[in-house]
Amino acid sequence: VGVVAVKRKQQRTMTAEELAALLEADPAFRRRQAEADRRLGKRYERTERELQVVLQRLSDAGVHVSSLHELVERHAPLDMPIVETLLGSLPSMRDSVAIEIVVRALAAADGPFDGRPLVECFLRERDDGLRWAIANTIDAARPVGIGDWVCEALRDPNTGPAREMLALAVTKLAPREKAVAALRAAIDAVPGHVATALGRVGADKEVELLRSRLDGAEGWVKKAILQAIKR
C-alpha cells in the first residue's frame with residue numbers, strides 16, 4: 001500500500017533501485033525477508049543432513065564420494081551394492097529434495113533391481129514434482145516386480161502428471177496386452193505420451209484409436225500421434 005501511495009504521489013514509474021530502497025527501509029518487509037531466509041536455511045540444512053546419511057552409508061559400503069552427483073559421474077552405471085544402498089536409504093528419508101536426488105541417481109543403475117521401494121516412496125509422497133521424478137526413474141531404469149502397479153497407477157487420475165512417465169514405463173514393465181489396455185484408458189489424460197508408448201507396443205487396431213485423437217491435437221502431441229501411427 002505504501003509503495004502504491006508513493007507511486008501516485010510522484011506520478012512516475014519507480015525504478016527498481018528506488019523500490020528496493022523503499023522495501024529495505026520497511027521494518028515489516030525486513031522481518032518477512034529474514035524469516036524467509038531462515039526457513040530456506042533450515043530447509044537446506046535438512047536436505048544436507050539426510051544426504052550426509054546416504055553418503056555415510058555408501059562410505060560404509062566402501063564407496064567414498066562427496067555427493068551423489070559425484071557418485072553418478074564416477075561410478076555409473078551403478079552396481080548392485082550401490083543401488084541397494086540407495087534403495088535402502090529411501091524408507092527413512094523425509095526431505096523431498098534429498099529423496100529426489102537419490103531417486104534420480106537410481107536411474108543410472110546397471111541392471112534390474114527391486115522396484116517396490118520406489119513404489120512405496122511414490123505412494124508416501126504427495127508432491128507432484130517428486131512423483132514425476134520417481135516415475136521418470138521407473139522408466140529410465142529397470143525396476144522389476146511392479147508391472148501391475150504401473151498399469152493401475154497409469155489408469156488412476158489421482159496419479160497426476162507422473163502418468164506421463166508411467167505411460168512410457170508400462171511398455172517395458174508389463175505384458176503387451178496389459179500395457180495397451182492401461183494406455184487406452186489414459187490416452188485422454190496424457191495423449192502425447194500414450195501415443196509414443198502405443199507406437200512401441202500397439203497393433204493395427206490401435207491405429208484407429210490414434211487417428212481418432214488427431215482432430216484437435218496440436219504441437220508436439222499431434223506430431224507424437226502421427227509418428228506413432230507411422231511406426
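Visitor: How many salt bridges does the rule give in this structure?

Guide: In this predicted model, the count comes to nine salt bridges.

Visitor: What makes the contact of Glu70 and Arg74 a salt bridge?

Guide: The distance from N to O between their side chains is 2.7 Å. The rule asks for a side-chain nitrogen of Lys or Arg within 4 Å of a carboxyl oxygen of Asp or Glu, so the pair Glu70 and Arg74 qualifies at 2.7 Å. Both residues belong to helix α4 (residues 68-75), where they stand four residues apart, about one turn of the helix.

Visitor: How do you know that Arg184 and Glu206 form a salt bridge, and which parts of the chain does the pair tie together?

Guide: Their side chains meet at 3.1 Å, N to O, and the cut-off is within 4 Å, so the term applies. Arg184 lies in helix α11 (residues 176-186) and Glu206 in helix α13 (residues 204-212), so the pair ties together parts that are 22 residues apart in sequence.

Visitor: Why is Glu206 called buried, and why is Arg184 called partly exposed?

Guide: Buried means under 20% relative accessible area. Glu206 has 2% relative accessibility and therefore counts as buried. Arg184 has 36%, which lies between the limits of 20% and 50%, so Arg184 is partly exposed.

Visitor: What makes Asp188 and Arg213 a salt bridge?

Guide: The distance from N to O is 3.0 Å, and this is within 4 Å, so the pair meets the rule. The two residues link distant parts of the chain, 25 residues apart: Asp188 is in the loop between α11 and α12 (191-201), and Arg213 is in the loop between α13 and α14 (219-230).

Visitor: Are Asp188 and Arg213 buried, partly exposed or exposed?

Guide: Asp188 has a relative accessible area of 60%, and the cut-off is over 50%, so Asp188 is exposed. Arg213, at 25% relative accessibility, counts as partly exposed.

Visitor: Why is the pair of Phe122 and Trp149 called edge-to-face?

Guide: By the rule for rings, there is one aromatic pair. In this pair, Phe122 and Trp149 lie 5.2 Å apart, centre to centre, with 75 degrees between the planes. Centres must lie within 6.5 Å and planes over 60 degrees apart count as edge-to-face, so both conditions hold. The pair links helix α7 (residues 116-124), which holds Phe122, with helix α9 (residues 147-155), which holds Trp149. Phe122 is buried at 2% relative accessibility, and Trp149 is buried at 15%.

Visitor: What makes α5 roughly antiparallel to α6?

Guide: The axes of helix α5 (residues 80-89) and helix α6 (residues 96-106) come within 10 Å and cross at roughly 155 degrees. Angles over 145 degrees count as roughly antiparallel, and therefore α5 and α6 receive that description. Their crossing is left-handed.

Visitor: How many disulfides does a search of the whole structure find?

Guide: The search finds zero disulfides. Two of the cysteines may still be described by accessibility: Cys121 counts as buried at 1%, and Cys151 counts as buried at 8%.

Technical notes:
Residues numbered from 1 in each chain as written. Predicted model: local features only at pLDDT ≥ 70, side-chain atom pairs only at ≥ 80, totals over all residues. Heavy atoms only, no water. Disulfide = S-S within 2.5 Å. Buried < 20%, exposed > 50% of the residue type's maximum accessible area, 1.4 Å probe, protein only. Phe/Tyr/Trp six-rings, centres within 6.5 Å; stacked < 30°, edge-to-face > 60°. Axes fitted to C-alpha atoms, helices over the stretch in contact; angles between N-to-C directions. Parallel < 35°, antiparallel > 145°, perpendicular 65-115°, else oblique. Left-handed = near helix turned anticlockwise from the far one by under 90°.
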